[in-house]
Amino acid sequence: MTSRDSAYITGTSSFLPNAPVANDDIEQVLGMIGGKPSRARRIVLRNNGIRTRHYAIDPTSGVATHTNAQLTAEAVRGLADEHFSPSTMDCLVTGTSRPDQLMPNHGVMVHGELATPPCEVVSTAGICVSGITALKYAWMAVLSGQARNAVATGSELASLGLHARNFEAESAHRVAQLETNPEIAFEKDFLRWMLSDGAGAFLLQPQPRSTGLSLRIDWIDILSQADSMEACMYAGAEKLADGTLKGWQQYSPEDWNSRSIFTVKQDVRLLNEAVAYQTIGKSLEQAKTQRHLSAEAIDWFLPHMSSEYFRQPMADCMAASGVSIPQERWFTNLHSKGNTGSASIYIMVDELLKSGRLENGDTLLCFVPESGRFTGSLMHLTAVDHAG
């Protein structure tokens, strides 16, 4: 196989489970910890701007309606049309924050759900950036000529870990310990109103599709700041006073429950202080130097934002870096689709591409941050008509 000059996103798909859930209905689906409504809920929802989101949970029974692998498989099936069938995949690359199990990897579970013929399967780990690392592998597989086509996915099944039943042991432990009815720590309660479920998939091929628009991937940059930044978002661990993480294997099974070890946690103070500059600020500074990036050359900016709270800090960092893109050129569906983590950029691109608002030659700058230990990623796309 020989390398190619370009690789294109020729198909996009997204899958959001069940009916949208409005703000006032969240606790009907996720439950109330200790039987009491959260006092943090209204504050967090007022700041994050999310109005509806989707959960893969039956609101009546509390039982999961989909696994993460099933969500992802549905997104992949959504790529099928008269030009492509998942049965012809050369390469499947999946990214997710929370696979259904520790082993085997998420990708082979998705492949099993699809029951398509044997192909190369790769999974990328991480948090929100796992979706873009999956896409970068798929892009490089097609560019290098190692694959005739590749499917990349981002998916999240956050709701099962956010359900009230996961915190009952910790709540009971604290009641016994403090003889009060304390709320769950804000670092955990905060995320119950921030995260939701969904999956997206892209088909990558070496030529544009024969009809309509394709998106040429011009470059993808991923920049970790873990050399200087401690963990901010984590699961399966506890954060110690010195900023290091103590992993789940160093705790007893009793601690796993009483300390909610496996729930997702966020150091909110560190997040507010550092996330904007450490992710978009530093990424733009590098891209401006190495990619000669300029705001004037970008038609659409697609930021993965976990919350509207970060819109202005993000805009301030962009202005300081000299790449200030006017907000009328921003596109986000956070308000209606929620924060779907690694799937968010897939779901955004899918909606914009299918909206009819893109034109041949339009340039897109996609931004995906991750607060794990602060990673920023930028992707530059160009809309290309089938006629070239």
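How do the residues of the lining of the largest cavity divide into nonpolar, polar and charged? In this predicted model, the lining holds five nonpolar residues, seven polar residues and one charged residue. The search gives one cavity of 30 Å³ or more, and the volume of the largest cavity is about 60 Å³. Its lining consists of 13 residues, and those nearest the centre are Asn 333, Leu 334, Gly 338, Ser 344 and Met 348. H13 contributes the most, with three residues.

The largest nonpolar core has 68 residues, and the members that touch the most others are Leu 135, Leu 204, Leu 215 and Leu 302. Helix H5 (residues 130-143) is the main contributor to this core, giving eight residues. Leaving aside neighbours within four places in sequence, Leu 135 is in contact with Ala 152, Phe 202, Leu 204, Ile 217, Ile 220, Tyr 346 and Met 379. Another core, of 22 residues, lies apart from it; Ala 276, Ile 298, Ile 325 and Leu 334 are among its members.

The cysteines remain. Zero disulfides are found in the whole structure. For Cys 232, the nearest cysteine sulfur is that of Cys 128, 11 Å away, and Cys 232 is in no disulfide. Cys 232 is also buried, with a relative accessible area of 0%. The closest cysteine sulfur to that of Cys 366 is again in Cys 128, and because the two are 14 Å apart, they are too far for a bond. Cys 366 is buried as well, at a relative accessible area of 1%.

Technical notes: Residues are numbered from 1 along each chain as its sequence is written. This is a predicted model: local features need pLDDT of at least 70, side-chain atom pairs count only at pLDDT 80 or more; totals for chains, interfaces and linings use all residues. Side-chain values use heavy atoms; hydrogens and water are left out. A disulfide is a pair of cysteine sulfur atoms within 2.5 Å. Buried means under 20% relative accessible area, exposed over 50%, partly exposed in between (1.4 Å probe, protein chains only). A nonpolar core is a set of buried Ala, Val, Leu, Ile, Met, Phe, Trp, Tyr and Cys residues joined through side-chain atoms within 4.5 Å. Helices (H or I, at least four residues) and strands (E, at least two) are DSSP runs, numbered from the N terminus. Contact means heavy atoms within 4.5 Å. On a 1 Å grid over the protein atoms alone, a cavity is a set of points where a 1.4 Å probe fits but cannot get out, and a pocket is an open set with protein on both sides within 12 Å along at least five of seven lines; lining residues have an atom within 4 Å of a point. Grid points are joined across faces, edges and corners, and a volume is the space filled by probe spheres set on the points. Ala, Val, Leu, Ile, Met, Phe, Trp, Tyr, Cys and Pro count as nonpolar, Asp, Glu, Lys and Arg as charged, and the others, Gly among them, as polar.
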